[in-house]
Amino acid sequence: MTAAPRLFAFNCGWFQCRPGYFVESDTGDYLRGPVPAYLVDHPKGRMVFDTGMGVRYRRELADALPPGKFGLEWFEGMDIAARLKAIDIDPASINWIVNSHLHIDHCGGNAHLPNATVLIQRREWDAAQTMAEPGLYEALDYDTGQPLRLIDGEHDLFGDGTVRIVPTHGHTHGHQSVIVRLPAGEVLLAADCCYTERNLDLMVLPRATQDVEQGLITFERLARLRAAGTHILFGHDGRQWATVTENVPLFEKAS
Ligand SMILES: [Zn+2]
């Protein structure tokens, strides 16, 4: 019998955004959102899903959070390599990087995982080339020289159904998510196909959606999966993140 994969979560930096960024009509205080990365430690290899921001965006404490403006709490020690080392995982031991999409806060740490093969939807790779824009799609983050495998649609990473890459287009043209099957049930790592639980509860896409039609199809799929018992970890949900324990296998009973 193969052992089950283990799933770990890391926040690789907080960002601060205007109240209506996730749900346009919301008002109130500026919100904080995590920049998550995940490790799936599988008997056949190690995969990291999303790698956070490039170190060039790191801040000093003094200019981290300007009041009433976009800001980052992104300090030394929060990058994916440091987060892995902190739980005794060598960044060089990572076999696969799956990037949900190629925005700078999802692939900025790819360079720190030198021996990984990068898996991206072909249409996302193409979108990044044609929509290159500083602060959004930067080749510096995603074109870092590791072997690249472009995929079209679903992909079963280890061939045993425990780690499935699924297309979740909308936020970007080639966005993808990962469904991890753990002994406790299925967990969907949403990334930016759904920023927060509140977006899904209200079925409201954020303004930052490249393809609204596809985005709604994705939301309907997420709603169905959630109703069937899949646990969804949302892309930048500060409220949900308060319930996530970093650095330990998720959804496992403490022994
Ligand atoms: Zn994005």
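How many nonpolar, polar and charged residues are in the lining of the largest cavity? Point 2 has the reply; a word on the model comes before it.

1. **What you are looking at.** This is a predicted model, in which local features need pLDDT of at least 70 and side-chain atom pairs count only at pLDDT 80 or more, while totals for chains, interfaces and linings use all residues. Residues are numbered from 1 along each chain as its sequence is written, and side-chain values use heavy atoms, with hydrogens and water left out.

2. **The largest cavity.** By class, its lining has 5 nonpolar, 6 polar and 1 charged residues. (Ala, Val, Leu, Ile, Met, Phe, Trp, Tyr, Cys and Pro count as nonpolar, Asp, Glu, Lys and Arg as charged, and the others, Gly among them, as polar.) Among the lining residues are H169, H171, D192, C193 and F219. The space in this cavity is about 50 Å³. On a 1 Å grid over the protein atoms alone, a cavity is a set of points where a 1.4 Å probe fits but cannot get out, a pocket is an open set with protein on both sides within 12 Å along at least five of seven lines, and lining residues have an atom within 4 Å of a point. Grid points are joined across faces, edges and corners, and a volume is the space filled by probe spheres set on the points.

3. (Helices, H or I with at least four residues, and strands, E with at least two, are DSSP runs numbered from the N terminus.)

4. **The zinc site.** H101 (NE2), H103 (ND1), H171 (NE2) and D192 (OD) are the protein donors of the zinc ion, at 2.1 to 2.5 Å from it. Donors are N, O and S atoms within 2.8 Å of the metal (3.2 Å for Na, K and Ca); water is not among the atoms, so sites may look incomplete. Along the chain the donors follow the spacing H-x1-H-x67-H-x20-D. H101, in the loop between β5 (96-98) and α2 (104-107), and D192, in the loop between β11 (185-191) and α5 (197-202), are 91 residues apart and link distant parts of the chain. H101 counts as buried because its relative accessibility is 0%, and D192 is buried too, at 4%. (Buried means under 20% relative accessible area, exposed over 50%, partly exposed in between, with a 1.4 Å probe and protein chains only.)

5. **The largest pocket.** This pocket has a volume of about 450 Å³. Of its 20 lining residues, Y21, I104, D105, G135 and L136 are the closest to its centre. The lining has 13 nonpolar, 5 polar and 2 charged residues, and β1 (6-17) and α2 each supply at least two residues of it.

6. **The second largest pocket.** Here the space is about 310 Å³. F22, L31, T196, R198 and R239 are the closest to the centre among the 16 lining residues. The lining divides into 4 nonpolar, 5 polar and 7 charged residues, with β2, α5 and α7 (238-241) each supplying at least two.
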